[in-house]
Amino acid sequence: MKIYKSIEEFNSYKDNLHDLTFVPTMGNLHKGHISLINFAKKFKTGIIATIFVNKLQFNDKSDYQNYPKTLDEDIDLLEKHGCDHLLIPDDSILDNIDQISASSKATKLCGMSRPGHFDGVLTILNKFFEIIEPQSVIFGKKDYQQLILVKEFVEKKDLNISIIGCDTVRERSGLALSSRNNLLSREEKLLAPLINKTLEQLKNKKNKLNKSLLIKKAKYLSSKGFIVDYIEACDTESLEETFEIDKKDILIAIAAKLGNVRLIDNILLQKL
């Protein structure tokens, strides 16, 4: 695996790189990230990952400062699983960067409590797209809203890039893998799978899906110690609230805090 520790170093090799499949990360890698690398192998192209903790997408300065960093382990993991290239830029990548504003979809779900978050995500991704010029980019569906916004951005800018979503990877308990899981206490780690269990319960009751049912589930999670940001039923493209499961597939998305750790998850309900 070739490692580039600056944009300048990458650019010096860039002319020899073609048809790259790109997996953007913020490091502290786990099996979910590796599933994206493994999926990228299907395209028979060179695979490039990035590790960059993007301060532009953090609303909370302490959240940014506390984001877990395991660079040596990340490098070993990527090399072991067949990543071909790794770009690790420093903060100079943000110098004179073009600021991107996300669409109104960014104000829904996670955007309600994290204003500007998706602007920061799209701003750094746009920069990476310009630098790497990937053929395809792989994202996890756990960050479903992000996936929708990136697809929309690429279409709007008419970029020749395929945006691909991969299924969420979970622990045996059902908890969606996340770098933030490492920050959970032992007690919180036992409670965290209730998020996925709640989603599965809603899936089993999709024929009775309504606002009061979501409120009931939110109150249940609150009683167990979660600080619930939202539980929403929404259209899979517009992210507008809907309960018309007889007409279309619906996304159920949850965000909740355990202690200081914010967890997100979602499930797709197929129409009746």
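**Salt bridges and their surroundings**

Reply: Glutamate 240 is partly exposed, with a relative accessible area of 42%. The terms are set as follows: buried means under 20% relative accessible area, exposed over 50%, and partly exposed in between (1.4 Å probe, protein chains only). This is a predicted model, in which local features need pLDDT of at least 70 and side-chain atom pairs count only at pLDDT 80 or more, while totals for chains, interfaces and linings use all residues. Residues are numbered from 1 along each chain as its sequence is written, and side-chain values use heavy atoms, with hydrogens and water left out.

Me: What counts as a salt bridge, and how many does a search of the whole structure find?

Reply: The criterion is a side-chain nitrogen of Lys or Arg within 4 Å of a carboxyl oxygen of Asp or Glu. The search gives 12 salt bridges.

Me: Which residue forms a salt bridge with glutamate 240?

Reply: The partner is lysine 108, the closest N and O atoms being 3.1 Å apart.

Me: Is arginine 262 buried or exposed?

Reply: Arginine 262 is buried, at 18% relative accessible area. Its salt-bridge partner is aspartate 229, with the closest N and O atoms 2.8 Å apart. Aspartate 229 is partly exposed, at 30% relative accessibility.

Me: How far apart are the closest N and O atoms of aspartate 167 and lysine 141?

Reply: In that salt bridge they are 3.4 Å apart. Aspartate 167 is exposed at 59%, whereas lysine 141 is partly exposed at 31%.
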